[in-house]
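Work through the exercises below with the model open beside you, and try each task before you read its solution.

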Amino acid sequence: MESASLGAAPRAVLARVRLPTGTAWLLAICGVTALAAGLRFADLAHVLGNPFYDAAVRSMSQSWHNFFFGAFEPGGRIAIDKPPVDLWLQVASVKLFGWNAIALRLPEALAGTACVPLLYDIVRRVFGRPAGLAAALAMAVLPVAVLTARSDTMDSLMVALLLGALWLAVRAIQTQRARFLYLAALTIGLAFNVKLFEAFLPLGAFGLLYLVAARQPWGRRIEHLIVALLLVVAMSLSWATAVSLSPAHDRPFPVGSTNGSVWNVILIWNGLDRISPQASLHPSLAKHHAKHPHNANHTHSDPASPTRLFGAGGPHYGRAIGSELLPALLLGAVALVLALLAWLHKGRWERPDDARRLRCGLALCLGIWMLIGFVLFSDVTRLHLRYLESFTPAVAGVLGIAVVALVLRARDSAPAGAALVGGVAVTAAYASGLGGGAWRQLAVVAGAAAVGAAIALTLVRRRRPLITPIVPAALAVLALVSLLAAPAGESLAIVSGHRSDSGRPGWMPPAEVTKLSAYLQRHTRANHYEFATPTASTAGPLIVHDGRPVLVLERIDHKALVSLRALKHAVRHKRVRYVLMGKPCRTHKSGKSFSRIATRRWICETGKDVSRKAGLHHRGVLFRLR
């Protein structure tokens, strides 16, 4: 602990105790960052990818047109459902390091690792090095952050950009230079172009931070925030506006859109539909969600409730984030109450200095960010584990700040010490109920650390001068061990189990992909399209493997992208010869198809089933058209 944080220990005692120097703190954060990197990079090559986004990376690497628009298939007719900023980095990575699993996930793993020193420096600037290190350690081992950084998705990059924006906002307050605030606004807009509306989760909290902590007059602060908000909007809409202004015949049809507009896929598919599918413009999806409200889009989400993120079943939200969210909420609330009581105990109003305003502002920012994430994701209809990444820095930051604050208050405040030990004991008890033998063992470790924390607290309360400077550090270490034992264990399980949350839309066994690719390569050399398919996701594995154009027949709501007449014309002119169905065709004994979609019905009734010839396990999947 730093000497300024040790209270009123006698100088003679402090002179005999070697306190950490700046070099020691630097080595400590380097060690924590190395731990974060190890958890995010270890055995990364064996983590399964996402065929959908990997196909887009393959397609985007083939032309500048595909690169800019985020084309899903090499022909450039279909685009992914999000802005392609994250995929631009993946394209650069595979161009530099070749096409392999590590190169595809390198941007996410690097971004997830970078979040740890970024969070450390943000908290260090305001609350000191001990709090910064505690927050960084909590972020390093937070299971959902580890899982997302190892997944083929965009969330970790978005969070790294948000932390970069927060660092710039703190810098703007400390230097009184608005240009840092404007850079923060542009960074938030860039984060929007990575994962859309998730990037706006902390926007209000960031604004409150500047409003509370900036030194300029109130009118100037509001003026700065208005300009910053305009910059956020401008940067957020920059890519979509450029796409909208491009010639219509050059624009791919975005997956998820119902009318081909990029605004439709941003505002509806990635906006309204994520919150309330019944209110979206996707009638077929709304009908599915109405029938299966707790299994929307096959996400296997637990039902929405205030305890959803602490649950032990289903997607294991409790293991992923609840094991740190619970102590962050409990200890953060206690630290806030004790700070308010200490302020009220003075009995007089004192104008806070700049440092105190900044501490208050950052505490409010992180606390509100955490509460918004907690409330939103407790109630949202469709919830993947990776969505929780959007407020992980707030959880880790609040936990680190609260632990150190309570440790420092424990010397003079019995409630602070009791709350700290009680918080770690409750966390240990909660971890023991998350299921699994390993979790129970970790709970025992956490409980033992809690007992050690109680003993250390007793020594602090006795004020023995020779050990007082050492005990707060020991108390902080024991508290962190007990609080982070279970999250660290789950993160190790994620690494050893090669787990990912990127999803596997359209996934096929590699052996089937190889056989199917070889068959199509032999029989479609004279055709422009390797095959046609009703749904885009079905084509992903073959695009990754072969990198050839694919004809997608339907939109996300199963309306026709290619009419039956156009498909027949393409077959007649030998532009396409084969169709790969997402699911086997179901037909009557008479050979008539059950499908109500004209193109599917025609394919199933008139095409020749060559599934077995191509090496597929199921019939009715691959058809040769006549």
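**Exercise 1.** Find what the buried residues of α25 pack against.

Solution. The buried residues of α25 pack against α24 (564-572), β5 (578-580) and β7 (622-624), where contact means heavy atoms within 4.5 Å. Helix α25 itself spans residues 598-606, and its buried residues are Thr 599, Trp 602, Ile 603 and Cys 604. Buried means under 20% relative accessible area, exposed over 50%, and partly exposed in between (1.4 Å probe, protein chains only). Helices (H or I, at least four residues) and strands (E, at least two) are DSSP runs, numbered from the N terminus.

The model is a predicted one, in which local features need pLDDT of at least 70 and side-chain atom pairs count only at pLDDT 80 or more, while totals for chains, interfaces and linings use all residues. Residues are numbered from 1 along each chain as its sequence is written, and side-chain values use heavy atoms, with hydrogens and water left out.

**Exercise 2.** Classify the aromatic pair formed by Phe 310 and Tyr 430, and locate both residues.

Solution. Rings of Phe, Tyr and Trp (its six-membered ring) pair if their centres lie within 6.5 Å; planes under 30 degrees apart count as stacked, over 60 as edge-to-face and the rest as tilted. Phe 310 and Tyr 430 are 6.4 Å apart, centre to centre, with 85 degrees between the planes, and the pair is edge-to-face. Phe 310 lies in the loop between α15 (283-291) and α16, whereas Tyr 430 lies in helix α19 (residues 414-432), so the pair ties together parts that are 120 residues apart in sequence. Both Phe 310 and Tyr 430 are buried.

**Exercise 3.** Which ring does the charged end of Arg 58 sit over?

Solution. A charge sits over a ring if NZ of Lys or CZ of Arg is within 6 Å of the ring centre and within 35 degrees of the ring normal. The charged end of Arg 58 sits over the ring of Trp 99, 4.2 Å from its centre.
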